[in-house]
Every structure is written in structure tokens, then in C-alpha cells.
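The sequence and structure are shown first, and the points then follow by topic.

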Amino acid sequence: MKTSADLVRDYLSAVERETSALPADRRQELLADLAEHVEVTHAERPDAAIGEVLAELGDPRTIAATALAEAGSGAAGVPARGDAGAPARRGKVHPLVPLLMLTLSVPFIMVFPYLPGPLFGLLFRITGAVLLCTSVHWTAVQKTTGVLLTVGLPTVLFTTWNLANGNTSSAAPTLVSTLANLAVLVPIAGTAAWLWRVRRA
């Protein structure tokens with residue numbers, strides 16, 4: 001009796017055979033997207049049988065036909081995954097863009113500490129998080145980790161800092177504020193560097 005891993009491997013092998021006319025990089029991208037979709041769907045619905053998840057993706061021949069048709073028409077996107085999945089697409093935004101926006105949000109606040117500096121810093125962080133979450137360059141787990149460490153953690157730290165120092169005068173020591181901002185910047189920059197290393201081409 002075949003295991004779940006065997007079923008997924010057979011499915012991906014069938015897609016690979018059917019898409020042999022595709023350029024190797026596009027074929028590998030398609031297979032990676034399909035494998036990620038199966039992994040994410042199985043994580044979200046652990047009780048669902050792998051056969052059911054694969055059936056939702058669609059027949060390998062149908063996926064191959066769609067991919068070949070899009071490749072023939074010069075479409076930039078990756079072919080659709082089937083009826084149940086949202087269409088996969090090649091990232092239009094370079095992976096460095098969300099990482100820079102997330103990282104530079106703190107230095108921006110440090111350089112422009114008064115309005116509208118913090119507002120723009122917040123907008124940088126939100127936009128970077130959205131671009132990260134919608135990117136095809138990272139898995140769902142990597143995206144979640146990235147958002148938690150570059151948006152969630154800094155937001156908690158900034159909120160805690162502001163509440164703790166809300167009653168102090170406006171002449172609070174700038175050295176302390178600078179050190180606090182640098183302490184927040186370190187995990188953001190480290191997470192951005194990690195995301196850059198683990199990104200998919």
C-alpha cells in the first residue's frame with residue numbers, strides 16, 4: 001500500500017512527465033508550487049486524505065496543458081493549480097523589496113523621530129509585510145516567521161516602550177531611544193538576512 005509521500009511523489013512525477021516540453025526552470029517552479037500547496041493544505045486540514053488534496057489540484061494532464069498553453073502565449077505567471085487552489089503566479093516584486101522596506105522602517109523612524117516619520121515607518125512595515133506574505137519566494141512557514149519577527153515583535157516592543165515612557169517629558173534622553181531602536185533593528189535585520197538566504201529563486 002502506498003504512503004502519502006508515495007502518492008505525492010507519483011503525482012509530481014506525472015506532472016513532470018507531462019510538462020517535459022516546458023523550460024526546466026518553469027517546470028521546477030511549477031513542481032515546487034504544487035508541492036508547497038500540498039504541504040500547506042495538509043497542514044491546514046490534517047484529516048484530509050492526500051488523495052483528496054491531489055484531486056483538488058486537478059489532473060496532471062490538465063495542469064500540464066494549462067502550463068504549456070501559458071508558456072506558448074508568453075504569459076509570465078505560473079499555471080493555475082486547479083479549481084480549488086488560487087492561481088499561482090510568478091513574483092512581480094523582487095524579493096529584496098519587502099526585506100528592505102521591513103528593515104528600513106526603523107532607521108527611518110530614527111532619522112525622522114517626529115511626525116510624519118513614525119507614520120511613514122509604520123507604512124513601510126505594513127507594506128513590507130504585505131509584499132512578504134504575497135511573495136512566491138518563501139514558504140508559508142517562512143512568511144509567518146518573517147512577519148512575526150519583523151512586524152509582530154517590533155510592534156510589541158515599540159508599544160511597550162511608548163507605554164512605559166508615556167509620562168516622561170519630551171526631553172527624554174535620545175541615547176536611550178537610539179539604543180532601544182537599535183535593539184529592535186537587530187532582530188529585524190537578522191530575520192531579513194535569513195529570509196534572503198532561504199528565498200526561492
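**Helix packing and aromatic side chains**

Helices α5 and α8 run roughly antiparallel to each other, because their axes cross at roughly 175 degrees and an angle over 145 degrees counts as such. The model is predicted. Two packed helices are described by the angle between their axes and the distance between the axes.

**α5 with α8**

- Helix α5 covers residues 96-111 and helix α8 covers residues 174-198, and their axes come within 9 Å.
- On the α5 side, the contact involves L96, L99, L102, T103, V106, P107 and M110.
- On the α8 side, the partners are T178, N181, L182, V184, L185, I188, A189, A192, L195 and W196.
- Sorted by class, this contact holds 14 nonpolar residues, three polar residues and no charged residues.

**α1 with α2**

- Helix α1 (residues 4-18) and helix α2 (residues 24-44) have axes that come within 10 Å and cross at roughly 155 degrees.
- The two helices, α1 and α2, are therefore roughly antiparallel to each other.
- The crossing of α1 past α2 is right-handed.
- From α1, the residues V8, L12, V15 and E16 take part in the contact, and from α2 they are R27, Q28, L30, L31, L34, A35 and V38.
- The contact of α1 with α2 comprises eight nonpolar, one polar and two charged residues.

**α2 with α3**

- Helix α3 spans residues 50-57 and packs with α2 at an angle of about 130 degrees, the axes being 10 Å apart.
- This angle makes α2 oblique to α3.
- The passage of α2 by α3 is a right-handed crossing.
- L34, H37, V38, T41 and H42 of α2 make the contact with I50, V53, L54 and L57 of α3.

**Aromatic side chains**

- Zero aromatic pairs are found in a search of the whole structure.
- R199 is placed over the face of W196, 3.5 Å from the ring centre.
- W196 also belongs to the α8 side of the contact with α5.

Terms used:
Residues numbered from 1 in each chain as written. Predicted model: local features only at pLDDT ≥ 70, side-chain atom pairs only at ≥ 80, totals over all residues. Heavy atoms only, no water. Axes fitted to C-alpha atoms, helices over the stretch in contact; angles between N-to-C directions. Helix = DSSP H or I, 4+ residues; strand = E, 2+ residues; numbered from the N terminus. Parallel < 35°, antiparallel > 145°, perpendicular 65-115°, else oblique. Left-handed = near helix turned anticlockwise from the far one by under 90°. Contact = heavy atoms within 4.5 Å. Nonpolar A, V, L, I, M, F, W, Y, C, P; charged D, E, K, R; others polar. Phe/Tyr/Trp six-rings, centres within 6.5 Å; stacked < 30°, edge-to-face > 60°. Lys NZ or Arg CZ within 6 Å of the ring centre and 35° of its normal.
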